Amino acid sequence: MQRYEENGIEVGLRTVEKYTSVADDFSSPSGCSAWTMRFSRPGWDVRVETSTVLTSNADAFTVDATLDGYEDGRRVFSRTWNETVPRDLA
């Protein structure tokens, strides 16, 4: 956590990312990331957590992602995305 004395806000960030692929197999790349950001000061504590998984095959990229927002430890927002994007020669 880093504290900003001028406004009393503490900010924290945690990130984990992993990417993989197999040699010349252009349908094998994948990536996973998880981020947590936290902002707090007396009487106020919020946190945002995201998780994203990107995979591919010969025809498409697939993205599965979630975003959760927390206030004082209670989840107050959540959204999920599940998208497929054609590779179109990519």
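Where along the protein is A23 found? A23 lies in the loop between β2 (9–22) and β3, in a predicted model whose local features need pLDDT of at least 70, whose side-chain atom pairs count only at pLDDT 80 or more, and whose totals for chains, interfaces and linings use all residues. Residues are numbered from 1 along each chain as its sequence is written, and side-chain values use heavy atoms, with hydrogens and water left out. The secondary structure consists of zero helices and six strands, where helices (H or I, at least four residues) and strands (E, at least two) are DSSP runs numbered from the N terminus.

**Overall form**

- Read along the sequence, the elements follow the pattern β-β-β-β-β-β.
- The protein has a radius of gyration of 18 Å, whereas a compact globule of 90 residues would have one near 12 Å; the radius is taken over C-alpha atoms, and the globule rule is 2.2 Å times the number of residues to the power 0.38.
- Taken along the principal axes, the box filled by the C-alpha atoms is roughly 50 × 25 × 20 Å.
- Buried residues make up 17% of the 90 residues, with buried meaning under 20% relative accessible area, exposed over 50%, and partly exposed in between (1.4 Å probe, protein chains only).
- The protein exposes about 6,700 Å², of which carbon and sulfur atoms supply 53%; accessible areas come from the Shrake-Rupley method with a 1.4 Å probe, and for residues only the protein chains shown count as cover.
- Among the contacts with a separation of 6 or more, 30% are accounted for by residues 24 or more positions apart, where contact means heavy atoms within 4.5 Å.

**Strand pairing and hairpins**

- Strand β4 (residues 44–56) pairs with β5 in the antiparallel sense over 11 bridges, and two strands are said to pair if DSSP finds at least two bridges between them.
- A hairpin through three residues joins β4 to β5, and within this pairing L54 has V63 in β5 as its bridge partner.
- Strands β5 and β6 also run antiparallel and are joined by 12 bridges, with Y70 standing opposite R75 in β6.
- The hairpin formed by β5 and β6 has two residues between the strands, and D72 in the turn has a positive phi of about 50 degrees.

- A23 has a phi near 25 degrees, which is a positive value in a residue other than glycine.
- A23 counts as exposed because its relative accessibility is 74%.
- D72 lies in the loop between β5 (60–71) and β6 (74–86), and its relative accessibility of 55% is the reason that D72 counts as exposed.
- Although D72 and S40 are 32 residues apart in sequence, they are 9.4 Å apart in space, C-alpha to C-alpha.

- S40 is found in strand β3 (residues 25–41), and S40 counts as buried because its relative accessibility is 9%.
- Leaving aside neighbours within four places in sequence, S40 is in contact with M1, G8, I9, E10 and D45.
- S33 also has its place in strand β3, and S33 is buried, with a relative accessible area of 16%.
- With neighbours within four places in sequence again left aside, S33 is in contact with V16, E17, T50, S51 and T52.

**The start of the chain**

- M1 belongs to the segment before β1 (2–4), and M1 counts as exposed because its relative accessibility is 57%.
- Beyond its neighbours within four places in sequence, M1 is in contact with E10, V11, G12, R38 and S40.
- M1 and D64 are 63 residues apart in sequence, and their C-alpha atoms are 29 Å apart in space.

**Aromatic rings and charges**

- R41 lies over the face of W44, at 5.4 Å from the ring centre; a charge sits over a ring if NZ of Lys or CZ of Arg is within 6 Å of the ring centre and within 35 degrees of the ring normal.
- The charged end of R47 sits over the ring of Y70, at 4.0 Å from the centre of that ring.
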